Amino acid sequence: SQSIKGGDKELNKDETSKMVSEIKKKAFWRAVVAEFLAMIIFVFISIGSALGFQFPIGTNRTVTPTQDNVKVSLAFGLAIATMAQSVGHVSGAHLNPAVTLGCLLSCQISLLKAVMYMIAQCLGAVVAAAILQGVTSSLTPNLLGLNQLAGGINSGQGLGIEIMVTFQLVLCVLATTDRRRNDVTGSAPLAIGLSVALGHLIAIDYTGCGMNPARSFGSAVVAGDFTHHWIFWVGPMLGGAAAALIYDFILFPRTSELSDRVKVWTNGQVEEYDLDGDDSARVEMKPK
């Protein structure tokens, strides 16, 4: 029994050393920086489009006295699609803690990388919101796209909406980037961008459409308003986790053992383990 215990200790030490070695790799930090920079651009473009109707230019007939939900939804979706094409090969272009959680549960990234991604995403959103505050400083008050519950929508209803719209997003991400599939002929970034736009088309009128805890966090921090903010973390994270578990264990089950999953969570070397029992090529969107 002593030899077995000794072997377990050696195994744990080996897994720990692999986890530590991941953080020493340049590719790891390039991916984290990519998430930070892409998040700044994404939030600046998307929230900026939502604030734009308050700056009408009458001389060139672009006056829009009310918010245009279609314009805002397309801005969010196209911004995600563009950033996915730009940094997808570097970091996977999660740009959303709920997507990162889904990828973690689906064994596409390590626990360490997931944590660093979420931190980078939140910091990027705060920086973008701060830049927008400077650009739109003439607005009073300026809530910077703060997520709020509409009149007649209570906390439970808002939570349900956030769960549903994030569920469809993360399900789309996992399905279109599944390395076991070889039938995806379209653009994965565009499909994911359209999924983001779809979520906004339905949820803007109810909650302002969080669907992305980091994006909600950036606006809340700079605006200094955390009313009902928990909804925009709990809802998307529950939706993302549910999508990952349902996809991996019900819709398109994987053949991997728990031990293989733990290896991925600790050292992030996805390519070293056969989580699928299949040699099909992975659809691009995963960092090499």
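1. Going along the sequence, the protein chain reads α-α-α-α-α-α-α-α-α-α. That gives 10 helices and zero strands, where helices (H or I, at least four residues) and strands (E, at least two) are DSSP runs numbered from the N terminus.

2. A word on the model: it is predicted, so local features need pLDDT of at least 70 and side-chain atom pairs count only at pLDDT 80 or more, while totals for chains, interfaces and linings use all residues. Residues are numbered from 1 along each chain as its sequence is written, and side-chain values use heavy atoms, with hydrogens and water left out.

3. Of the contacts (heavy atoms within 4.5 Å) between residues at least 6 apart in sequence, 77% join residues at least 24 apart.

4. The accessible surface of the protein chain is about 13600 Å², with 65% of that belonging to carbon and sulfur atoms (Shrake-Rupley method, 1.4 Å probe; for residues, only the protein chains shown count as cover).

5. The count of salt bridges is three, each being a side-chain nitrogen of Lys or Arg within 4 Å of a carboxyl oxygen of Asp or Glu. Arg180 pairs with Asp178, the closest N and O atoms being 2.7 Å apart, and both residues are buried.

6. Asp248 and Arg254 form a salt bridge at 3.0 Å, N to O; these two are buried as well.

7. Asp183 and Arg181 also meet in a salt bridge, at 3.0 Å, N to O. Here Asp183 is partly exposed at 48% relative accessible area, and Arg181 is partly exposed at 23%.

Methods
Buried < 20%, exposed > 50% of the residue type's maximum accessible area, 1.4 Å probe, protein only.
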